[in-house]
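Work through the exercises below with the sequence and the model at hand. Each task is followed by a solution in steps.

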Amino acid sequence: MGNLSLNKLGGLSIIVGPVLALVFYLLQPGGLLIDSADPSDAQATIAALVSNSAMSHLSAFLIPLGLLLFLHGFLTVQNNVRSGGNGDALSRLGVLLLVVAVVGWVLVSGLTSVIANNAAQAAGAVYAVSQGLNSMSALSAALGFLLFSYALSTRDDYNKMFALLVALASLVSLVATIVSVTDASTLETTSAISAIVYIITTIWAITIGLGMLKE
């Protein structure tokens, strides 16, 4: 491990990170698998987090860890892009937006832990703040992935068609997130759309990571 190159560590990070975040996003109480609740229903989601506090705390720790690994992988890719060729400017802006998104989601995970500790009367306010941060982070991430994937589609050393597919999917996610911000009743549907887009992005990231490991 001491001789692990920056490129190989970035490749491992961009493979492991998104998968780790996805698994524990699915396992987070109030989500898709454990005590599923409509995210627009604050009381149901809070009840799910409190009644499964151990898993809530675990997911609140491992989701941001996975996202940070994911981000490190993208920073490594951007560093490679910066060394020459097309896509440098757009990928830099894309990575900056992804940094903002990950910071926001780390804060959301902290607030999730507060709710899981049974914040009582303050839980509603904490959840409202977390939803606001989550929406802004989702917007930043969708735009970041859109710019970053489009930047890579202009290069010959990455799969152009897959990158364009991710760019299109990110655009769909961006529109869905904007809709959810303006109409909270659509949160359940738009969250499902964003989850599908994230899975597509994860598969794309894994292919990039595998290529980095082979170099």
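L71 is buried, with a relative accessible area of 11%. The model is a predicted one, and the exercises start from this residue.

**Exercise 1. Surroundings of L71**

Task: State which element holds L71, and which residues L71 touches beyond four places in sequence.

Solution. 
Step 1. L71 belongs to helix α3.
Step 2. Its relative accessible area of 11% is under 20%, so L71 counts as buried.
Step 3. With residues up to four places away in sequence set aside, L71 touches V95, L98, V99 and V102.
Step 4. For a distance check, take S13: L71 and S13 are 58 residues apart in sequence, and their C-alpha atoms are 8.1 Å apart.

**Exercise 2. Aromatic pairs of F74**

Task: Classify the ring pairs that F74 forms with F145 and W204, and say which helices they link.

Solution. 
Step 1. The structure has 6 aromatic pairs. In one of them, F74 and F145 have ring centres 5.6 Å apart and planes at 65°. An angle over 60 degrees counts as edge-to-face, so that is the class of the F74 and F145 pair.
Step 2. F74 lies in helix α3 (residues 53-82) and F145 in helix α5 (residues 123-153), 71 residues apart, and the pair links distant parts of the chain.
Step 3. F74 is buried at 2% relative accessible area, and F145 is buried at 11%.
Step 4. The rings of F74 and W204 have their centres 6.0 Å apart and their planes at 40°, so this pair is tilted.
Step 5. W204 lies in helix α7 (residues 187-214) and F74 in helix α3, so the pair ties together parts that are 130 residues apart in sequence. Both F74 and W204 are buried.
Step 6. Ring pairs join F70, F74, F145, F148, Y198 and W204 into a cluster.

**Exercise 3. The nonpolar cores**

Task: Which residues of the largest nonpolar core touch the most other members, and which element gives the most to this core?

Solution. 
Step 1. The largest nonpolar core has 31 residues, of which I14, F74, V77, L152, W204 and I208 touch the most other members.
Step 2. Two or more residues of this core come from each of α1 (6-27), α3, α4 (88-116), α5, α6 and α7.
Step 3. Helix α3 gives the most, with 8 residues.
Step 4. As an example of the contacts, W204 touches F74, F148, S149, L152, F162, A163 and V166, residues up to four places away in sequence not being counted.
Step 5. There is a second, separate core of 7 residues, including L49, L111, A123 and Y127.

**Exercise 4. Salt bridges and a surface patch**

Task: How many salt bridges does a search of the whole structure find, and which residues make the nonpolar surface patch of about 390 Å²?

Solution. 
Step 1. The search finds 3 salt bridges.
Step 2. R92 pairs with D88, with the closest N and O atoms 2.9 Å apart. The two are 4 residues apart in helix α4, which means a separation of about one helical turn. R92 is partly exposed at 41% relative accessibility.
Step 3. D157 and R155 form a salt bridge at 3.0 Å, N to O. D157 is partly exposed at 48%, whereas R155 is buried at 8%.
Step 4. D156 forms a salt bridge with K160 at 3.1 Å between the closest N and O atoms. D156 counts as exposed at 71%, and K160 as partly exposed at 37%.
Step 5. The patch is made by L90, Y150, M161 and L164. M161 lies in helix α6 (residues 160-182), and its 63% relative accessibility is over 50%, so M161 counts as exposed.

Technical notes
Residues are numbered from 1 along each chain as its sequence is written. This is a predicted model: local features need pLDDT of at least 70, side-chain atom pairs count only at pLDDT 80 or more; totals for chains, interfaces and linings use all residues. Side-chain values use heavy atoms; hydrogens and water are left out. Rings of Phe, Tyr and Trp (its six-membered ring) pair if their centres lie within 6.5 Å; planes under 30 degrees apart count as stacked, over 60 as edge-to-face and the rest as tilted. Buried means under 20% relative accessible area, exposed over 50%, partly exposed in between (1.4 Å probe, protein chains only). Patches are made of residues with over 30% relative accessible area and no salt bridge: like charges are joined within 9 Å, nonpolar side chains (Val, Leu, Ile, Met, Phe, Trp, Tyr) within 5 Å. Accessible areas come from the Shrake-Rupley method with a 1.4 Å probe; for residues, only the protein chains shown count as cover. A salt bridge is a side-chain nitrogen of Lys or Arg within 4 Å of a carboxyl oxygen of Asp or Glu. A nonpolar core is a set of buried Ala, Val, Leu, Ile, Met, Phe, Trp, Tyr and Cys residues joined through side-chain atoms within 4.5 Å. Contact means heavy atoms within 4.5 Å.
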